[in-house]
Structure formats: C-alpha cells, structure tokens
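Subject: Structure handover and notes

Hello,

Here is the structure we talked about. My notes follow below it.

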Amino acid sequence: MEIDFWKQRWQENQIGFHLDEVNPLLVKYHSALNLPRGSHVFVPMCGKSLDLLWLQRAGHYVTGIECSELAIQSFFTEHKLPVKHLPDPVLHSYRSDEIHLLHGDFFDLPSSMLADVAAVYDRAALIALPEAMRKRYVAKLIELLPQDAVMLLITLTYNQSTMSGPPFSVSETEVRDLYGKCYEIRLLQQTNILPEQPRFAQRGLESLLETVYLLQPK
Ligand SMILES: C[S@@+](CC[C@H](N)C(=O)[O-])C[C@H]1O[C@@H](n2cnc3c(N)ncnc32)[C@H](O)[C@@H]1O
C-alpha cells in the first residue's frame, strides 16, 4: 500500500471509497466528540471527502493530509473554492479559508502541524493500510496528537481470507490493541452494510461490519 498505488488509483478514477454525500455517520456522531466551535479537526488520508466541507461548516478549522495531489485539486475545483497553494519541499499546502489540505505522505507529517488538534476524524484511513502499516500509523498519530485529542474512528470488519484489501479488515480486538493503552474506546454503532454494498458481496463476503468508535484519552 505504497503511495504510488494510491496515486494510480486516483489517476484511474478507481475511487469506490469516495462518497458523493457527507458520511451520515459523521453527521450522526459528530456531537459525541463534544467539540467547541473553532476547534481544529484533523482528517488523515482525506481524499476529496465531502466530510471536510461539512466539518468546516460545523465551525471547525480542518487539516487534511492526502498523498494524491489530484484528489486535493479535485476537492477544491469541484467545490469551486478559491485556493492558495504554498509549495514546500516536504508537504505542499493548499488552503481555502478554514480548510487546509497537505499534499504528501502522512508518515512525513511534522509534529508542529497537529499541536492544537482537538479531534481526529478517521474514515477509511486506518483500514486503507495493511497490518504492519497500521501499527506505524497509530504510533505516529499518537506521537503527533496532543494528549487531550478525541477521535471518531470508522472501520470495516470482514473475513480477510475471502478478500484482499484495501479496504482491510480491522477487528475490534485490533482497535483495542492499537489504541487501548492511551484511549477509552466506546463502540457507538456496528452495522452489517453488505446489503448496500453489492460490489463486496460479488467478491464473496458474507458480512461487512461497519463500526464507529469514539476514542477518548485516558
Ligand atoms: C480509502 S481512501 C479514504 C479517503 C477519505 N478518508 C474518504 O473517506 O473518502 C484512503 C486515502 O488515503 C490516501 N493515502 C494512502 N496512503 C497515504 C499516505 N501514506 N499519506 C497520505 N495519504 C495517503 C489515498 O490516496 C486515499 O485517498
């Protein structure tokens, strides 16, 4: 799951993960994060998600990181947002009002970027990565985040031997192993979404659980 793999997917428009609507789970559970207006939300591996706009309209300052420049440019173009591009040797920066998207590798993020982040919204970031990378991802995230940051995490769980990822299957046990040392983990909702996802049924899955967790620092 190297960066080139994702860049190619964006080039070929193979972006089945992208939703043409705001994620209803974000709308439903945003209030569980208990965030004041004006707080800073970090969206790792953000793609061109409409959730970025929704978070901004909910009163947040939003920072996303995404390795595909095409995804970032499409986000601003599709929403007709004026954008300022600030080149940087490591992470190019695209800004439009309260939305700040960084073009580059999540693993290159400097700690200063997230120093005042109040919450993380992870939809399809953790599950985009194979197991060994997930460990690195969580270690890096915990290292970068202030200790009081909360998180809304959305995962998928299915029989990994039936289908190869991405998206990868991440079980509740793994979420607890990865985050349990630093966070209280509350499972907010778990739904079998296979009936609405025929492309996964075609790949042989018998169930596809979408789970929403709220992570609060211990
Ligand atoms: C499954 S998609 C989810 C996108 C978005 N969160 C959404 O809900 O639509 C994963 C995204 O992560 C990006 N990505 C993968 N590895 C990355 C990395 N190391 N650094 C930054 N972005 C990455 C991919 O280009 C892709 O857009």
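Buried means under 20% relative accessible area, exposed over 50%, and partly exposed in between (1.4 Å probe, protein chains only). By that rule Leu152 is buried, as its relative accessible area is 0%.

This is a predicted model: local features need pLDDT of at least 70, side-chain atom pairs count only at pLDDT 80 or more, and totals for chains, interfaces and linings use all residues. Residues are numbered from 1 along each chain as its sequence is written, and side-chain values use heavy atoms, with hydrogens and water left out.

**Leu152**

Leu152 sits in strand S7. Helices (H or I, at least four residues) and strands (E, at least two) are DSSP runs, numbered from the N terminus. Contact means heavy atoms within 4.5 Å. Neighbours within four places in sequence aside, Leu152 is in contact with residues including Leu25, Leu26, Tyr29, Val120, Leu188 and Val212. Leu109 is 43 residues away from Leu152 in sequence and 20 Å away in space, C-alpha to C-alpha.

**Ligand site**

The ligand is surrounded by 16 residues (a heavy atom within 4 Å). The closest are Met45, Glu66, Asp105, Phe106 and Arg123. By class, the shell holds 11 nonpolar, 2 polar and 3 charged residues. Here Ala, Val, Leu, Ile, Met, Phe, Trp, Tyr, Cys and Pro count as nonpolar, Asp, Glu, Lys and Arg as charged, and the others, Gly among them, as polar. Helix H1 (residues 3-11) gives the largest share of the shell, 3 residues.

- Glu66: an N or O atom of its side chain is 2.6 Å from a ligand oxygen.
- Asp105: an N or O atom of its side chain is 2.9 Å from a ligand nitrogen.
- Arg123: a polar backbone atom is 2.8 Å from a ligand nitrogen.

The protein covers 97% of the 600 Å² of accessible area that the ligand has on its own. Accessible areas come from the Shrake-Rupley method with a 1.4 Å probe; for residues, only the protein chains shown count as cover.

**Cores**

A nonpolar core is a set of buried Ala, Val, Leu, Ile, Met, Phe, Trp, Tyr and Cys residues joined through side-chain atoms within 4.5 Å. The largest has 39 residues. Phe42, Leu109, Tyr137, Leu145 and Tyr179 touch the most other members. Its largest share, 5 residues, comes from H5. A separate core has 26 residues, among them Tyr29, Cys46, Val62 and Val212.

Residues up to four places away in sequence aside, Tyr137 touches Met45 and Phe106, among others. Both are also among the closest residues to the ligand.

**Helix H4**

H4 (residues 69-78) has Ala71, Ile72, Ser74, Phe75 and Phe76 as its buried residues. They pack against H1, helix H3 (51-57) and strands S2 (61-66), S4 (92-96) and S5 (99-103). Just after H4, Lys80 takes a positive phi of about 50 degrees.

Ser96 lies in strand S4 and is buried at 4% relative accessibility. Its side chain reaches the backbone oxygen of Pro82 at 2.6 Å. Contacts of Ser96 beyond four places in sequence include Gln56, Phe76 and Leu81.

Glu174 lies in helix H6 and is buried at 15% relative accessibility. A polar contact of 2.7 Å joins the side chains of Glu174 and Arg134. A polar contact is a pair of N or O atoms within 3.5 Å; within protein, one must be able to donate a hydrogen and the other to accept it, and residues adjacent in sequence count only if both atoms are side-chain atoms.

Best wishes
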